[in-house]
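Hi everyone, thanks for coming.

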Amino acid sequence: MPSFDIMSEVDQPSLKNAVDVANSKIAGRHDFKGTSAKLELGEKLITMFGDTDFQLDQMKTILLPEMTKKKVDVRCLDYGDVQKISGNKVKQEVKVRVGVEQDLAKKIVKLLKDSKMKVQAAIQGDVVRVSGAKRDVLQDAIALVKKDITDFPLQFGNFRD
């Protein structure tokens, strides 16, 4: 029975490269000289440190184009609240969302069931497996999901015949 997976992944080397390039641009800008502005990349987290909220916004305008150049979808970012840390410094944590979250997976399964297509969708961890009798039906299912889910980067892969 033909099937495919709906998943969401971020190319970690490209993300690391984008953060490194953004850090070097921040270090080279005269309006950031003598400040604590920097980006740190964790496992699934980017932490932005700065002196003011305005600096954090400026750092975003540097980081986002770099991520786009490296083909990292910026829709995977989930911005946290700006937090005050020692003195007048601020930081903001930006989660890098990897995998299809449970509520989004349920939305995809409901979307496919409501469409009356002859496909079955099952949530398997952070992946949604879709199977159907024919390839054409699966391609229609991909088109439907692409059209309806636009606020989160999804990839379609692991095709099996």
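Before we start, a word on terms: buried means under 20% relative accessible area, exposed means over 50%, and partly exposed is in between, using a 1.4 Å probe and protein chains only. Helices (H or I, at least four residues) and strands (E, at least two) are DSSP runs numbered from the N terminus. This is a predicted model, where local features need pLDDT of at least 70, side-chain atom pairs count only at pLDDT 80 or more, and totals for chains, interfaces and linings use all residues. Residues are numbered from 1 along each chain as its sequence is written, and side-chain values use heavy atoms, leaving out hydrogens and water.

Let's take helix 1 first. Which of its residues are buried? In helix 1, they are S14, L15, A18, V19, A22 and I26. They sit on the same side of helix 1, because they cover an arc of only 135° around the axis, the arc being that of the directions from the helix axis to the C-beta atoms. On the other side of helix 1, P13, A27 and G28 are exposed. As a reminder, an α-helix has 3.6 residues a turn, so residues three or four places apart point the same way.

Now over to helix 4, residues 135–148. Here L138, A141, I142, L144 and V145 are buried. Those buried residues fall within an arc of 165° seen down the axis, so they line one face of helix 4. What covers them includes strand 1 (3–7), helix 3 (102–114) and strand 8 (155–160), among others. And on the other side of helix 4, you'll find D136, K146 and K147 exposed.

Key:
Contact = heavy atoms within 4.5 Å.
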